[in-house]
Amino acid sequence: MKPIAPKPMPRRFHQARWDEPVIFELSQPGQRGVLLPPVEAGIEEEVGNPARALPDSVRRREPPALPEMSQVHVLRHYARLSQENLGVDLNIDVGQGTCTMKYSPKVNDQLARTPKLTELHPLQDESTVQGILEVMYRMEGMLKEISGMDRVTLQPGAGSAAIYANVCMIRAYHASRGQEKQRDEVITTIFSHPSNGAAAKVAGYRVITLYPDADGYPDLEALKAAVSDRTAALLITNPEDTGIFNPRIEEFVRVVHAAGGLCAYDQANANGLLGITRAREAGFDACHFNLHKTFSTPHGCGGPAAGACGVTEALAPFLPVPTVEFNGRTYSLDYDRPQSIGKTRPFYGVAPNILRAYAWIMSLGADGLREAAEVAVLNNNYLLKKVLEIRGVSAPYAKGKRRIEQVRYSWEQLTRETGIHSEEIETRAADFGMHYWTSHHPYVVPEPMTLEPTESYSKADLDEYAAMLKQISDEAYTNPQIIKTAPHNSTVHRTQHEPFDNPDEWAVTWRAYLRKTGRKKG
Amino acid sequence: MPARKTPVHPYIPNSAPPAKETMLRAVGARNVDEFYADIPDSLRLKRRLNLPEPLLSEAELIRHVDGLLNRNRSTRETLSFLGAGCYQHQVPAVCDEINSRGEFLTAYAGDPYEDHGRFQALFEYESMMAELLNMDVVNVPNYDGFQAAATSLRMAARITGRTSVLLPANIGADKLSKVGEYLKPDIKIELIPFEAKSGLLDLTALKTRLDQQIAAVYFENPAYLGMIETRADQISAAARLAGALCVVGAEPLSLGVIRPPVEYGADIVCGDIQTLGVHMHYGGGHGGFIASNDDPRFVMEFPSRLFGVAPTSVEGEYGFGDVAYERTSFALREEGKEWVGTAAALWGITAGVFLALMGPQGMLEIGEGLMQRCRFAMQKIARIPGLKVTFADTPHFTEFVVDFSGTGQTAAAINKGLLERDIFGGKDLSGEFPTLGQSILFCVSEVHTQADLGRLAAALKEVVK
């Protein structure tokens with residue numbers, strides 16, 4: 001036997017292509033996917049069928065046109081769709097910078113699946129939920145230590161919800177001092193997550209966005225020009241999405257405080273800083289973490305996530321209700337907080353993800369968290385070096401400097417020399433079984449790419465990702481057509497995008513598609 | 001700082017010393033401190049974080065977490081009649097199977113070429129919800145039903161250019177808190193009273209209050225206290241007459257038997273999808289939906305992502321992508337519609353699986369069965385001396401209010417008595433709705449047998465004796 005050739009780099013990938021119909025096309029009249037417990041005769045005899053006795057105004061006439069399928073066919077359809085999807089479990093997920101795509105440990109998923117959590121009703125008597133309340137109380141304690149803040153709420157459902165909760169607490173704080181009307185401006189930076197500006201706008205603020213100075217740092221002079229007695233808060237990420245730590249962050253906080261404003265630290269990018277530096281020491285009044293980023297809970301195709309807001313004593317009275325308290329013997333929920341902003345979501349937060357994040361911290365401890373941070377930063381700087389060896393790409397700002405946990409790169413040169421855009425690289429990356437993301441809009445960095453390799457990836461992983469980028473760069477210079485016609489190895493080929501922005505053609509649902517294309521049902 | 005114990009950690013491949021050294025050498029760094037050069041000394045934490053000692057092995061971790069969670073008593077062990085926004089239903093095994101698959105569980109923001117599966121699954125979720133709701137546009141899930149209501153009302157204000165909304169006084173206090181905080185800057189909320197006898201919205205009060213400032217009339221069907229709003233068509237007609245939109249908070253599990261709100265005049269329908277195949281998770285299983293007709297004036301006001309279908313370059317393939325992306329905060333930051341972010345996509349996929357399993361027959365049967373059990377429980381409890389089932393003549397879906405004022409006991413004491421008999425009673429309403437006296441909101445489910453309902457009635461009889 002001849003030896004079998006070793007694997008090439010990047011690998012020869014092909015995504016699953018099941019050519020799977022839309023689920024309505026799988027419907028078979030009369031089939032059932034699940035049966036329900038019967039209503040006993042004794043009930044039926046006593047009450048009849050009240051649904052059929054509903055007045056015409058509210059009684060459903062036609063059954064909903066849902067698919068009719070046997071159980072195995074539902075399972076198989078969705079199992080096939082799942083195969084046409086990549087997650088952290090399958091791909092080297094460093095291409096979604098800002099989102100901290102790290103490994104979500106399976107043991108934590110197992111722990112979250114116990115009926116001792118999944119089958120708890122949130123309004124049960126406190127004596128029957130002491131275990132989960134203790135988890136929440138201990139989790140708050142650990143996040144207090146990691147951030148340095150005085151209190152933490154786990155109620156927000158995600159990162160943007162946590163930003164919004166912080167803005168609400170800030171608004172309530174100023175209102176408590178009679179300054180709600182006067183302080184009507186919020187300042188953020190263009191390299192902070194878009195939700196900082198967007199959430200502040202919903203909360204009624206005028207949003208001022210600062211752009212970076214020539215070195216890529218948030219512009220201190222611009223901040224000084226922007227603050228005034230109208231400033232309610234500065235909402236800022238650090239390091240920003242460029243991966244550059246702002247060394248003057250204390251000065252930023254001082255400038256805002258001097259004007260009577262508060263400072264909220266968006267810690268979506270905290271992964272490189274665990275145990276290194278904290279919101280408290282930089283003088284922040286509030287911060288938030290994304291438990292689905294920094295603390296490893298799975299991203300679930302876009303949630304459920306979990307957010308946590310940390311605040312100082314000054315903002316603690318405004319925390320959402322309830323807080324979790326401990327009297328030395330029992331845990332309880334405290335609703336008696338008259339200055340609270342109230343509810344940010346139903347009940348107390350995304351409990352299964354709070355548990356997963358708790359288990360993740362418990363499995364690492366203080367040294368493990370710091371190790372995760374340091375290795376994430378090491379991985380990022382290694383990938384930075386590898387990527388900069390590729391033709392056509394650069395890392396704008398902070399020339400020659402190290403980065404924290406991610407880098408916003410630019411393919412400007414490649415675009416100029418080959419006409420290939422970052423979005424096209426994104427599509428081509430799918431041919432190699434890798435996720436790639438450009439960046440948030442607007443593209444302040446031209447032709448952007450944001451890579452965040454976290455601590456979960458090995459040298460070989462990073463080499464493979466870089467090899468994929470190098471191959472695409474080579475193709476751009478020698479065979480751009482292969483990029484322009486990508487994807488080739490995906491589930492489907494290039495989608496026509498025009499219908500998505502044309503009200504006469506867009507179809508958000510199958511029924512709208514059938515109506516607008518004249519295709520018949522069934 | 002004490003010497004660090006840095007064992008090779010299974011979650012951190014490059015924690016292995018040889019790998020780390022190779023990496024450091026490759027980047028020309030002596031140690032990792034070099035990477036942090038921009039962080040001023042004054043900001044450095046000069047000590048170890050004060051955290052519990054780690055449980056490095058799975059065995060230690062499981063023992064610890066089990067030790068905590070085993071102190072919980074779940075509704076699997078104890079008969080429960082709690083509802084009030086979070087509901088116990090049987091979750092089909094296939095729902096858990098699909099949402100546990102790593103391809104879905106650990107994916108995030110992939111484009112339609114590497115994550116075709118999640119785009120199709122969420123498009124199908126939207127499409128099946130659309131059949132349930134008889135509307136053409138449904139969003140990719142937002143956070144929860146509270147957020148869905150709050151955003152629907154903001155949408156209505158933007159569409160009409162008006163600045164007040166009317167909410168029913170029988171809304172839950174927590175949802176009202178969320179909605180109030182969300183609308184506070186520029187939209188005024190007024191509550192419309194409900195009728196003492198029927199629990200339904202007071203139509204006379206509504207009509208009196210409606211004027212040219214009102215952007216929307218919001219009500220829930222079924223209402224928070226369990227009643228089915230039988231005059232929904234009259235409410236929406238009154239709203240329309242004043243040029244206001246009709247926004248309905250609907251329970252999707254009821255829509256096999258209750259009419260889709262669009263058919264009685266709703267312009268925007270919203271709610272929570274926890275009942276569609278998602279466990280209660282101690283209140284962590286929520287996802288929100290918003291639906292409208294396919295009118296660009298409405299579609300362009302959704303903050304959420306809307307996944308749509310389109311042809312690809314190859315005949316016979318379904319391609320998917322974002323419809324009208326340019327309205328979102330991802331595209332426009334604060335100039336977009338509110339904001340969009342990570343919310344509850346996996347629960348949307350799960351709800352799609354649930355609806356496909358249930359089909360039209362399952363949705364009909366569960367709706368009928370829930371209403372039968374609810375009415376049965378109401379009648380059984382109404383026969384207990386001293387107990388009054390409030391709003392008893394109004395049709396109910398799964399929840400109903402029982403007033404214990406006639407027993408001389410507080411609602412809290414009743415629930416305590418039930419707990420002593422190993423039953424989780426309903427939600428104590430005495431703080432939330434003082435006008436209803438010492439009342440409890442009970443909730444039934446298809447998991448309850450006739451014997452379970454009998455056990456509740458028997459326990460109540462003992463407790464009030």
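This is a predicted model: local features need pLDDT of at least 70, side-chain atom pairs count only at pLDDT 80 or more; totals for chains, interfaces and linings use all residues.
1. Confidence of the model. The model as a whole scores ipTM 0.98 and pTM 0.98. Residues are numbered from 1 along each chain as its sequence is written, and chains are lettered from A, with ligands numbered from 1, in the order in which they are written.

2. Overall build of chain A. The secondary structure of chain A comes to 15 helices and 11 strands; helices (H or I, at least four residues) and strands (E, at least two) are DSSP runs, numbered from the N terminus. The C-alpha atoms of chain A fill a box of roughly 75 × 70 × 55 Å along the principal axes. The radius of gyration, taken over C-alpha atoms and compared with a globule rule of 2.2 Å times the number of residues to the power 0.38, is 26 Å for chain A, which agrees with the value near 24 Å that a compact globule of 522 residues would have. Of these 522 residues, 61% count as buried, where a residue is buried if 20 or more other C-beta atoms lie within 10 Å of its own, exposed if 12 or fewer, and partly exposed in between, with C-beta atoms placed from the backbone.

3. Overall build of chain B. Chain B has 14 helices and 15 strands, and its C-alpha trace spans about 80 × 55 × 50 Å along the principal axes. Buried residues make up 62% of its 465 residues. Two residues are in contact if their C-beta atoms, placed from the backbone, lie within 7 Å; among contacts in chain B between residues at least 6 apart in sequence, 70% join residues at least 24 apart.

4. Where the chains meet. The contact between the chains takes 182 residues from chain B and 177 residues from chain A. On the side of chain B that touches chain A, helix α12 (residues 345–382) of chain B gives the most, with 26 residues. Sorted by class, that side of chain B has 90 nonpolar, 49 polar and 43 charged residues, where Ala, Val, Leu, Ile, Met, Phe, Trp, Tyr, Cys and Pro count as nonpolar, Asp, Glu, Lys and Arg as charged, and the others, Gly among them, as polar.

5. A residue of chain A at this contact. V508(A) is placed in the loop between α14 (480–484) and α15 (510–517) of chain A, and V508(A) counts as buried because it has 30 C-beta neighbours inside 10 Å. Leaving aside neighbours within four places in sequence, V508(A) is in contact with E126(B), D136(B), V137(B), V138(B), L306(B), G308(B) and V323(B).

6. Domains of chain B. Chain B is divided into domain 1 (13–67), domain 2 (79–88 + 366–464) and domain 3 (93–354), with bounds that come from an automatic or database domain assignment. The centres of domain 2 and domain 3 of chain B, taken over C-alpha atoms, are separated by 29 Å, and the contact between these two domains takes 22 residues from domain 2 and 21 residues from domain 3. On the domain 2 side of that contact, α12(B) gives the most, with four residues.

7. The buried residues of helix α3 (residues 93–100) of chain B are V94(B), C95(B), I98(B) and N99(B). Seen down the axis of α3(B), these residues fall within an arc of 125°, so they line one face of the helix; the arc is that of the directions from the helix axis to the C-beta atoms. They pack against α2 (71–83) of chain A together with α4 (102–105) and α12 of chain B.

8. Backbone details to check in chain A. A cis peptide bond joins H441(A) and P442(A), with omega about -5°, and the peptide bond from A486(A) to P487(A) is also cis, with omega near 5°. F347(A) has a positive phi of about 60° although it is not a glycine, and F347(A) is buried, with 26 other C-beta atoms within 10 Å. A398(A), likewise not a glycine, has a positive phi near 45°, but A398(A) counts as partly exposed, with 17 C-beta neighbours inside 10 Å.
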